[in-house]
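Here is a short briefing for a reader new to this structure. The sequence and the model come before the notes.

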Amino acid sequence: MSYTPEQQFQHKIDQEIKIEPKDWMPEKYRQTLIRQISQHAHSEVVGMLPEGNWISRAPSLKRKAILLAKVQDEAGHGLYLYSAAETLGITRDEMYHQLHTGKAKYSSIFNYPTLTWADMGAIGWLVDGAAIMNQVPLCRTSYGPYARAMVRVCKEESFHQRQGFEILLVLSQGTDEQKAMCQDAINRWWWPSVMMFGPADEASPHTQQSMQWKIKRFTNDELRQKFVDICAEQVKTLGMTLPDPDLKWNEEKGHYDFGAINWEEFWQVVAGNGPCNKERLATRQKAWNDGAWVRDAATAHAAKKAAKHLHKVA
């Protein structure tokens with residue numbers, strides 16, 4: 001009995017055999033991965049902006065060095081992920097163009113402002129915590145280059161999450177003003193972090209197919225529930241509260257119940273109407289334009305080096 005390429009492909013997926021760049025794959029699988037991996041890469045690069053804003057204003061040399069290292073990590077994550085996406089036949093320039101023209105999306109969380117130093121802690125604990133919840137299962141995603149890139153990304157992100165929690169822990173044990181700053185940051189970042197897992201399962205157009213192809217291992221709502229359960233316990237260590245009056249333990253379900261998500265806000269931010277959408281995109285466009293001379297110089301140098309090599313061979 002002969003099998004179609006689609007059946008053979010799905011059989012490999014079902015057998016937990018990684019799909020590699022030169023393997024046959026459905027075009028929709030390739031496009032789904034390009035969309036997801038490039039969006040992930042864009043999120044890492046744009047995610048540098050709200051934190052980079054605080055490097056020069058960190059409260060100590062130690063905090064400055066740690067934050068600088070974290071932002072550098074995120075640049076590296078973007079590079080790993082752009083490289084993984086390139087194995088699917090899209091160029092890095094194409095991906096940058098899609099980002100800079102607004103065609104490609106990045107995580108909506110990075111369109112919120114960082115108002116105080118406590119935001120660096122809230123981003124580490126909540127935003128990176130939500131990212132880890134999403135990304136650890138991607139270490140087992142069906143596409144080999146993506147899965148392998150995620151191993152290092154997750155190790156570094158887990159450190160970022162603990163570093164953020166430590167910032168909040170120090171503030172939570174400080175002055176009344178510092179405690180208030182800690183609670184304020186949690187209040188502002190909690191719901192956007194809960195939204196990071198994407199729309200509810202019934203409103204997520206890609207989840208079912210991505211689960212079949214084992215690009216995703218858990219649904220958006222499953223990951224969101226795990227995140228809420230963990231944070232509802234961790235916040236007790238801080239002596240703070242999460243801004244959700246409906247948050248309570250459900251003994252029967254073995255999970256925390258939580259309040260309704262404002263999906264209107266989520267879709268508004270995704271559509272480009274968040275507090276910092278235009279600012280973030282303008283900053284990335286400016287960086288691209290300002291760096292044109294570096295790219296031109298590197299291209300000219302490479303061409304000159306190649307011509308010199310050819311001359312020697314001749």
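Leu49 counts as partly exposed because its relative accessibility is 21%; buried means under 20% relative accessible area, exposed over 50%, and partly exposed in between, with a 1.4 Å probe and protein chains only. This is a predicted model, in which local features need pLDDT of at least 70, side-chain atom pairs count only at pLDDT 80 or more, and totals for chains, interfaces and linings use all residues. Residues are numbered from 1 along each chain as its sequence is written, and side-chain values use heavy atoms, with hydrogens and water left out.

- Leu49 belongs to helix α3 (residues 48-52); helices (H or I, at least four residues) and strands (E, at least two) are DSSP runs numbered from the N terminus.
- Not counting residues up to four places away in sequence, Leu49 touches Arg280, Thr283 and Arg284, where contact means heavy atoms within 4.5 Å.
- Leu49 and Arg162 are 113 residues apart along the chain, and their C-alpha atoms are separated by 20 Å.

**Ser38**

- Ser38 sits in helix α2 (residues 27-46).
- With a relative accessible area of 4%, Ser38 is buried.
- Leaving aside neighbours within four places in sequence, Ser38 is in contact with Leu33 and Met95.

**Helix α10**

- Helix α10 (residues 220-238) has 19 residues and should span 27 Å at 1.5 Å a residue, which agrees with the 27 Å between its end C-alpha atoms; the expected span is 1.5 Å times one less than the number of residues.
- Buried residues of α10 include Leu223, Phe227, Val228, Cys231, Val235 and Leu238.
- The buried residues of α10 pack against several elements, among them α7 (144-172), α8 (176-195) and β2 (255-257).

**The whole chain**

- The protein chain has 13 helices and 2 strands.
- Its radius of gyration is 22 Å, close to the 20 Å that the globule rule gives for 314 residues, so the protein chain is as compact as a globular protein of that length; the radius is taken over C-alpha atoms, and the rule is 2.2 Å times the number of residues to the power 0.38.
- Of the 314 residues in the protein chain, 47% are buried.
- Among contacts in the protein chain with a separation of 6 or more, 75% come from residues 24 or more positions apart.
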